[in-house]
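Could you look through this one with me before we talk?

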Amino acid sequence: MVELWFAILCLMITLFVVLGGWDIGAGALHFLAAKNQEERRAIIAAIGPLWTWNEVWLVATGGVLFVAFPRVLAVAFPAYYLALFLVLWTLILRGISLEFREHIPSVLWRSFWDFVLVVANVLLAILFGAAIGNVVRGMPLRPGTPLSLPLFTDFGVRGMLGILDWYTVSIAAFTLVCLCAHGASYLSLKTEGEVYRRAKILTKWLWPGTVFMLLVASLETEYVRPELFAGMAAQPLAWAGLAAVAGGLAAIFTALRSGAEARVFWGGCVLIAGLLGTAAAGLFPVILYSTISPEYSITAYNGSSDASSLRAAGYWWPVALVLAFSYFWFIGKHYRGRVRMLPERHGTQ
């Protein structure tokens with residue numbers, strides 16, 4: 001039962017990164033893909049219908065931690081209190097910028113909220129990447145000692161660590177580039193005109209950049225957490241994840257040459273899901289790794305609820321999943337196809 005809930009937790013995270021990732025990436029590219037208000041409205045229209053639904057999976061991740069792995073939640077939240085509030089504020093600002101920019105027919109007003117949108121999405125990608133880096137790197141867990149990590153210490157990856165160091169910053173940069181590539185692929189699929197042309201150019205540059213940074217991040221991970229790759233070799237599911245990564249890369253680069261936007265986009269989805277799945281399989285059963293001593297780590301077994309609680313939670317989870325995907329299917333069907341750029345609805349700009 002513990003293994004099932006670990007898989008559910010990984011599924012929730014993967015769904016958020018894949019589905020919410022194209023919104024974050026497209027928002028981060030707002031000023032690069034669009035040069036005027038009409039083009040920016042096209043990007044907002046492309047990401048607008050589903051951005052709130054995509055954040056459901058982030059909430060679901062917290063719910064799974066609360067129900068299935070309460071000890072993980074109890075340790076991680078105080079340790080990353082500052083980072084969690086930064087994530088919360090960027091999520092709030094992202095939603096406000098999407099909803100408020102059309103309230104006043106003013107160039108200054110809309111430009112301000114467009115700037116807020118870009119900053120919020122860039123910070124979200126960086127923060128989520130740093131979170132992944134922290135999970136892989138570990139934290140200085142010790143028994144009987146409350147943990148509260150500073151934003152940074154000496155930027156080293158040994159001893160008393162902070163949230164940011166050279167490794168987590170590197171993973172954050174890789175995540176930002178990867179999600180921007182994912183967002184550019186989505187925009188090339190959903191927009192037309194100049195936005196489509198710029199998105200195609202960005203896609204052709206960002207995906208090769210993502211692959212290069214992935215290679216660098218892999219070498220850094222071998223240095224920081226060498227046992228992770230040994231764990232992958234012993235896990236059949238990790239090999240399945242690596243196969244997904246290889247398939248996603250093949251789909252992306254063959255499609256870039258042939259100009260098949262849909263295949264680039266779906267290849268990116270498979271690539272990101274494969275990377276997360278491979279990492280999760282290599283990490284299992286450890287959830288919070290102790291850099292002080294591995295025996296202090298919190299695993300899926302010593303950090304989970306009792307078996308009866310996990311069984312009870314298993315009754316409502318399938319119902320919630322079906323309802324969430326039903327809503328996604330309804331909204332996705334209603335807003336399918338490319339977004340057409342429409343003239344401004346409010347006065348002179």
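Here are my notes, starting with confidence and then moving through helix pairs, a salt bridge and a peptide bond.

1. First, keep in mind that this is a predicted model. The average pLDDT for the protein is 86, and 94% of the residues reach at least 70.

2. Now for the part to treat with care: over residues 345-349 the pLDDT stays under 50. The model does have nine contacts for this stretch beyond four places in sequence. Still, where pLDDT is low, the predicted coordinates should not be read in detail.

3. Next, find helix α9 (residues 166-190) and helix α10 (residues 193-224). Their axes come within 7 Å and cross at roughly 155°. An angle over 145 degrees counts as roughly antiparallel, so that is how α9 and α10 run relative to each other. The crossing of α9 past α10 is left-handed. As for what sits in this contact, its residues split into 21 nonpolar, eight polar and two charged.

4. Have a look at helix α5 (residues 56-68) and helix α6 (residues 70-79) too. Here the axes come within 5 Å, with a crossing angle of roughly 115°. On the α5 side you'll find Leu65, Phe66, Val67 and Ala68, and they meet Pro70, Val72 and Leu73 of α6. Which classes do the residues in the contact of α5 with α6 belong to? Seven are nonpolar, with no polar and no charged residues.

5. Helix α3 (residues 37-47) and α8 make another pair, with axes that come within 12 Å and cross at roughly 45°. That angle makes α3 oblique to α8, and the crossing is left-handed. From α3, the contact uses Gln37, Arg40 and Ile44, while α8 supplies Val107, Arg110, Ser111, Asp114 and Leu117. Sorted by class, that gives three nonpolar, two polar and three charged residues.

6. Side chains of opposite charge can pair when their charged atoms come close. How many salt bridges does the structure hold? There are twelve. One to click on is Asp114 with Arg101, where the closest N and O atoms are 2.8 Å apart. Asp114 lies in helix α8 (residues 107-137) and Arg101 in the loop between α7 (81-100) and α8, so this pair ties together parts that are 13 residues apart in sequence.

7. Last, a detail of the backbone. Most peptide bonds are trans. The bond joining Phe284 and Pro285, though, is cis, with omega at about 5°. To find Pro285, go to the loop between α13 (261-283) and β1 (286-288).

Key: Residues are numbered from 1 along each chain as its sequence is written. This is a predicted model: local features need pLDDT of at least 70, side-chain atom pairs count only at pLDDT 80 or more; totals for chains, interfaces and linings use all residues. Side-chain values use heavy atoms; hydrogens and water are left out. pLDDT is the predictor's confidence in each residue, from 0 to 100. Contact means heavy atoms within 4.5 Å. Axes are lines fitted to C-alpha atoms, for helices over the stretch in contact, and angles run from 0 to 180 degrees between N-to-C directions. Helices (H or I, at least four residues) and strands (E, at least two) are DSSP runs, numbered from the N terminus. Angles under 35 degrees count as roughly parallel, over 145 as roughly antiparallel, 65 to 115 as roughly perpendicular and the rest as oblique. A crossing is left-handed if the near helix is turned anticlockwise from the far one by less than a right angle, and right-handed if clockwise. Ala, Val, Leu, Ile, Met, Phe, Trp, Tyr, Cys and Pro count as nonpolar, Asp, Glu, Lys and Arg as charged, and the others, Gly among them, as polar. A salt bridge is a side-chain nitrogen of Lys or Arg within 4 Å of a carboxyl oxygen of Asp or Glu.
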